[in-house]
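Welcome! Take a moment with the sequence and the model below, and then read on for a guided tour of some of its side-chain contacts.

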Amino acid sequence: MATLRERRGTDVNLRSAPQMREYVALANRIAADRPGTVLDWGCGWGQLSALLAEREVDVRAFDYRPAEAEPGEAPLERFPEIVCTYSPDPVALPFADASFDAALSCGVLEHVADPAGSLAELHRVLRPGGRLYVAKLPNRASYLEWLAKRLGLYYHGQLPHDTLWSPAEARAAVARQGFDVTDARYANMLPLTVDHPLATRLAGAIWTLNRLLERVPLLSRLATNVELDAVRR
């Protein structure tokens with residue numbers, strides 16, 4: 001019998017209107033920083049690379065593809081206008097030192113086999129003073145993760161290499177690899193990956209309420225995600 005995650009499909013984030021609101025907000029925030037050349041690390045389907053490119057950000061999509069024999073490049077399936085660099089190596093990046101002005105990890109760091117090694121690689125390919133944006137890092141104290149586990153739904157920690165984080169843990173992990181953290185915060189109080197016509201119609205209201213709730217002191221500690229901004233030393 002197919003699991004709920006299999007029935008939802010791996011592209012549910014693209015089909016969910018509330019979730020796309022978060023991606024748009026993240027792309028807007030990064031574009032407003034005028035970051036220079038951005039590495040979309042672990043780009044997945046490529047929705048953020050596409051959103052950043054629409055905002056005239058110089059973005060380079062990268063993805064880990066263990067089935068490939070060696071690093072290479074190919075257009076993304078959903079966004080063929082974006083050429084993705086890929087590699088079968090789970091840690092090493094096929095880029096020269098100091099290649100980028102900024103790097104984005106959106107829903108990636110919690111899935112890698114070696115978080116410390118991957119952060120060290122991001123440090124290597126960033127120029128001094130380069131920015132690191134970490135988004136959608138699963139919060140260790142998330143009430144939604146707690147509910148999902150007890151209801152038999154997919155939760156972070158269920159699959160190999162899945163990790164949960166607190167803001168303090170994220171700060172420490174990034175700092176150990178040569179970054180200065182400028183901000184760490186909780187994000188998202190409501191489930192956003194909802195592929196339903198009603199969620200599509202109410203996407204704006206859901207996103208607005210989500211943003212309001214995540215700003216409530218103490219309550220925000222139960223949020224879905226941790227976010228972090230840092231600068232390469």
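Arg185 and Glu227 are both buried, where buried means under 20% relative accessible area, exposed means over 50%, and partly exposed is in between (1.4 Å probe, protein chains only). This is a predicted model, in which local features need pLDDT of at least 70 and side-chain atom pairs count only at pLDDT 80 or more, while totals for chains, interfaces and linings use all residues. Residues are numbered from 1 along each chain as its sequence is written, and side-chain values use heavy atoms, with hydrogens and water left out.

Let us stay with Arg185 for a while. Its place is in strand β7 (residues 179-187); helices (H or I, at least four residues) and strands (E, at least two) are DSSP runs, numbered from the N terminus. Which residues does Arg185 touch, leaving aside its neighbours within four places in sequence? They are Arg29, Asn225, Val226, Glu227 and Asp229, with contact meaning heavy atoms within 4.5 Å.

| Salt bridge | Closest N to O distance |
|---|---|
| Arg185 and Asp183 | 2.7 Å |
| Arg185 and Glu227 | 2.9 Å |

With Arg185 in strand β7 and Glu227 in strand β8 (residues 225-232), their bridge ties together parts that are 42 residues apart in sequence. Asp183 is partly exposed, with a relative accessible area of 31%. A polar contact of 3.3 Å also joins the side chains of Arg185 and Asp229; such a contact is a pair of N or O atoms within 3.5 Å, where within protein one must be able to donate a hydrogen and the other to accept it, and residues adjacent in sequence count only if both atoms are side-chain atoms. Salt bridges link Arg29, Asp183, Arg185, Glu227 and Asp229 in a network.

Lys136 counts as buried at 16% relative accessibility, and Glu22 is buried at 6%.

Now for the aromatic rings. The structure holds two aromatic pairs. Rings of Phe, Tyr and Trp (its six-membered ring) pair if their centres lie within 6.5 Å; planes under 30 degrees apart count as stacked, over 60 as edge-to-face and the rest as tilted. Why is the pair of Phe62 and Phe95 edge-to-face? Their centres are 5.9 Å apart and their planes are at 70°, so the pair falls in that class. Phe62 lies in strand β2 (residues 58-64) and Phe95 in the loop between β4 (83-87) and β5 (100-106), so this pair ties together parts 33 residues apart in sequence. Phe95 and Phe100 also pair edge-to-face, because their centres are 5.1 Å apart and their planes at 90°. Phe95 is buried at 9% relative accessibility, and Phe100 at 3%.

Finally, the whole chain. It has nine helices and eight strands. Buried residues make up 44% of its 233 residues.

Notes: A salt bridge is a side-chain nitrogen of Lys or Arg within 4 Å of a carboxyl oxygen of Asp or Glu.
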